[in-house]
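Please consult the display below while reading the points that come after it.

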Amino acid sequence: MTITMAKRGKAVTALAPLALLLAPQAHADWRAYPTLEIKQTYTDNVRLDREDASRNGWVNELSPGLLLRNRSRRFIFDGAWRLRYLTLPHGLNDNVDRTQAELQARLDAIVIDDLLYFDASGSIGQRPVSAFAPILRDNNYANVNRDEVRAYHLSPSLRHKLGDAAFGELRYT
């Protein structure tokens, strides 16, 4: 099942991975890697306005983040989170998101050996909202045709080996 911008079932989706984490077979070595990116860019048209209305200046970006990883025989989790904080030239802070969150996460788990499996993924990020407006790439400080989008994907499955010659899988996506 794939749901974008959904508000239903948050408690159930939050509890499923938690139940897997508490299972004794799922305990493994969690690894956390903090990250920090500092970037400064000079631009002659910060908000991509018309040439006569363009403004130049330095854009500063501070991006702390965290990479989280857990691997075991029954459980694989990879996640990356980053928060972008932008400072713009004086007088250009109106109508611009100064903080932007990004998240990418993936979970593959064996709930019951050779029978029940659970796959999940989630993301948060800036995405285009209209196919008919300009699509900007690598420009985090112009809010033209973009908004924060949250999406997740949950997929439980039943898998069973049928002798040496066949394999069966029933999946809900």
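The points below cover confidence, overall architecture, strand pairing and selected leucine residues.

The model is predicted, and the protein chain averages a pLDDT of 78. The protein chain contains 1 helix and 8 strands, arranged along the sequence as β-α-β-β-β-β-β-β-β.

**Confidence**

- A pLDDT of at least 70 is reached by 69% of the residues.
- Residues 1-8 have a pLDDT below 50, although this stretch makes 19 contacts in the model beyond near neighbours in sequence.
- Where pLDDT is low, predicted coordinates should not be read in detail.

**Overall architecture**

- The protein chain has 173 residues, of which 28% count as buried.
- Among contacts with a separation of 6 or more, 54% are between residues 24 or more positions apart.

**Strand pairing**

- Strand E5 covers residues 99-112 and runs antiparallel to strand E6, residues 116-128, with 9 bridges joining the two.
- Within this pairing, Gln104 stands opposite Ser123 of E6.
- E5 and E6 form a hairpin with 3 residues between them; in the turn, Asp114 has a positive phi of about 55°.
- E6 is also joined to strand E7, residues 146-162, by 13 bridges, and these two strands run antiparallel.
- Gly122 has Tyr152 in E7 as its bridge partner.
- In a regular strand, side chains alternate between the two faces of the sheet.

**A buried leucine in a loop**

- Leu88 lies in the loop between strand E4 (75-87) and strand E5 (99-112).
- Leu88 counts as buried because its relative accessibility is 11%, and the cut-off for buried is under 20%.
- Leu88 and Asn60 are 28 residues apart along the chain, yet their C-alpha atoms are separated by 6.7 Å.

**An exposed leucine and a nonpolar surface patch**

- Leu170 is located in strand E8, which spans residues 166-171.
- Leu170 has a relative accessible area of 59% and is therefore classed as exposed, the cut-off for that class being over 50%.
- Leu170 belongs to a nonpolar patch on the surface that also includes Val111, Ile112, Leu115 and Leu158.
- Together, the residues of this patch have about 410 Å² of accessible area.

Definitions and conventions. Residues numbered from 1 in each chain as written. Predicted model: local features only at pLDDT ≥ 70, side-chain atom pairs only at ≥ 80, totals over all residues. Heavy atoms only, no water. Patch = residues over 30% accessible without salt bridge, like charges linked within 9 Å, V, L, I, M, F, W, Y side chains within 5 Å. Areas by Shrake-Rupley, 256 points an atom, 1.4 Å probe, with all protein chains shown as cover. Salt bridge = Lys/Arg side-chain N within 4 Å of Asp/Glu carboxyl O. Helix = DSSP H or I, 4+ residues; strand = E, 2+ residues; numbered from the N terminus. Buried < 20%, exposed > 50% of the residue type's maximum accessible area, 1.4 Å probe, protein only. Contact = heavy atoms within 4.5 Å. pLDDT = per-residue confidence, 0-100. Pairing = 2+ DSSP bridges.
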